[in-house]
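Subject: Structure handover

Hello,

Please have a look at it first, then read on.

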Amino acid sequence: MTIRLPHGTYEPRTTPLALPPHGAPLASRTVYSAAHVVADPHADASPDGPATVDWDATLAFRRHLWSHGLGVAEAMDTAQRGMGLDWAGAAELIRRSAAEAATVGGAIACGAGTDQLTQGPHTLAEVTAAYEEQLALVESTGARAVLMASRALAAAAKGPEDYLATYGHLLHQASEPVVLHWLGPMFDPALEGYWGSADLDAATETFLEVITSHPDKVDGIKISLLDGRREIDLRRRLPKGVRCYTGDDFNYPELIAGDDHGFSHALLGIFDPLAPLAAEAVRVLDMGDASAFRELLDPTVELSRHLFQPPTRFYKTGVVLLAWLAGHQSHFTMLGGLQSARSLPHLARAYELADGLGLFPDPALAEARMKSLLSTYGVEQ
């Protein structure tokens with residue numbers, strides 16, 4: 001059996017990588033998968049209208065992540081936050097997912113930002129108030145809060161002192177330690193110059209000053225700069241007890257494995273399609289076998305680098321494609337019509353790489369669905 005792809009024919013594998021749900025939490029690393037949302041394909045929605053979410057399928061996918069022992073990072077970039085998921089939808093998602101987490105005993109962290117603000121400009125006081133509203137909602141659900149990078153703050157801040165004042169105020173108010181999120185401009189161009197400077201060395205110093213001034217209110221930091229060396233240098237400077245959660249979808253195996261000076265935990269979008277394999281790899285690491293961990297996870301990097309290739313912010317399209325092919329949802333439709341954000345050759349290569357890794361529980365289903373997509377694009381099978 002072969003499938004005709006835009007660049008040639010491919011022979012799909014016939015057996016999946018057998019990794020049934022384990023259930024028990026991971027031990028040596030704290031690992032969150034940022035999770036995508038499932039759009040309602042039958043809703044009469046416009047690209048710039050309110051988010052229309054299939055709640056049953058969305059929550060079922062989170063139960064899938066928890067069943068493998070991963071935590072869920074909710075209402076983050078992977079959930080199309082700011083790219084189809086508005087604040088009203090995000091707030092409902094946070095409430096529903098946190099309630100589901102409490103039911104199954106799953107770990108959950110939720111993004112708090114400022115995306116309820118209409119298009120600016122906004123004052124720093126308005127930005128702070130928006131953060132406060134979202135932080136209060138997240139904390140009311142019992143979830144850990146992730147203070148997300150804010151487009152509104154990036155636009156309003158005049159320099160490092162404005163970031164220090166804003167984050168200092170929020171950390172003082174937080175009832176529990178939070179995760180600070182540094183999302184690079186490759187994920188969101190509106191975040192260029194975050195922490196008050198386009199010079200990453202200068203920005204790092206401001207970021208560290210926020211952390212070291214409030215170490216008791218910072219559970220950890222999530223770094224999404226796709227720069228492994230910078231993450232290592234930064235995590236070595238963190239106060240004792242403050243975790244580094246890698247958000248580097250290019251270099252995660254080596255960062256999670258660590259070195260003689262430490263390691264990174266994980267909060268990754270790529271663990272959405274990799275959940276069973278990623279969980280198995282960390283369980284091997286729990287037993288102290290870093291070499292076997294790398295043997296399992298290193299081969300996944302090619303797929304991750306493909307999905308996250310520039311323009312990186314459109315990686316969600318490939319993530320949702322793989323969820324559909326894996327049988328986690330019945331369609332390939334996204335909020336805002338974002339399923340059109342990647343080319344057919346890009347999607348076909350994603351299928352080929354994922355199939356080669358054995359990520360599809362039912363390879364025949366994945367093949368049939370991929371063939372239907374290819375036929376829609378005019379690639380006859």
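Let me begin with the charged pairs: the structure holds 19 salt bridges, where a salt bridge is a side-chain nitrogen of Lys or Arg within 4 Å of a carboxyl oxygen of Asp or Glu. Before the details, a word on the source: this is a predicted model, in which local features need pLDDT of at least 70 and side-chain atom pairs count only at pLDDT 80 or more, while totals for chains, interfaces and linings use all residues. Residues are numbered from 1 along each chain as its sequence is written, and side-chain values use heavy atoms, with hydrogens and water left out.

**Salt bridges**

One of these bridges joins Asp-77 to Lys-316, with the closest N and O atoms 3.1 Å apart. Asp-77 sits in the loop between strand 4 and helix 2 (87-104) and Lys-316 in helix 12 (residues 315-325), so the pair ties together parts that are 239 residues apart in sequence. (Helices, H or I with at least four residues, and strands, E with at least two, are DSSP runs numbered from the N terminus.) Asp-77 is buried, at 9% relative accessible area, and Lys-316 is buried too, at 1%. Buried here means under 20% relative accessible area, exposed means over 50%, and partly exposed is in between (1.4 Å probe, protein chains only).

Another bridge pairs Arg-235 with Asp-259, and the closest N and O atoms are 3.6 Å apart. Arg-235 belongs to helix 7 (residues 228-235) and Asp-259 to the loop between helix 8 (252-257) and strand 10, so this pair links parts that are 24 residues apart in sequence. Arg-235 counts as buried at 10% relative accessibility, whereas Asp-259 is partly exposed at 33%.

Arg-294 and Asp-298 also meet through their side chains in a salt bridge (2.8 Å, N to O). Arg-294 is partly exposed at 29% relative accessibility, and Asp-298 is partly exposed at 32%.

**Nonpolar cores**

A nonpolar core is a set of buried Ala, Val, Leu, Ile, Met, Phe, Trp, Tyr and Cys residues joined through side-chain atoms within 4.5 Å. The largest one has 119 residues, and the members that touch the most others are Leu-147, Tyr-167, Leu-180, Tyr-194, Ile-221 and Phe-271. Helix 9 (residues 271-286) contributes the most to this core, with nine residues. A second, separate core of 10 residues includes Tyr-32, Ala-34, Met-76 and Val-146.

In helix 5, the buried residues are Asp-162, Tyr-163, Thr-166, Tyr-167, Gly-168, Leu-170 and Leu-171. They pack against several elements, among them helix 3 (124-140), strand 6 (144-147), strand 7 (178-183) and strand 8 (218-224).

Strand 3 (residues 31-34) is covered on both faces: Val-31 and Ser-33 on one side, and Tyr-32 and Ala-34 on the other, are all buried. Two strands pair if DSSP finds at least two bridges between them. Strand 3 runs parallel to strand 10 (residues 265-268), joined by three bridges, and Tyr-32 stands opposite Leu-267. Three bridges also join strand 3 to strand 4 (residues 71-74), again in parallel, with Val-72 as the bridge partner of Ser-33.

**Backbone details**

Most residues other than glycine have a negative phi, and most peptide bonds are trans. Here are some exceptions to look up. The peptide bond from Gly-120 to Pro-121 is cis, with omega near 10°, and Pro-121 lies in the loop between strand 5 (108-112) and helix 3. The bond from Pro-310 to Pro-311 is cis as well, with omega near -10°.

Gln-80 is not a glycine but has a positive phi of about 65°; this residue is in the loop between strand 4 and helix 2 and is buried at 1% relative accessibility. Leu-226, also not a glycine, has a positive phi of about 55° and is buried at 17%.

Best wishes

How values were computed
Contact means heavy atoms within 4.5 Å.
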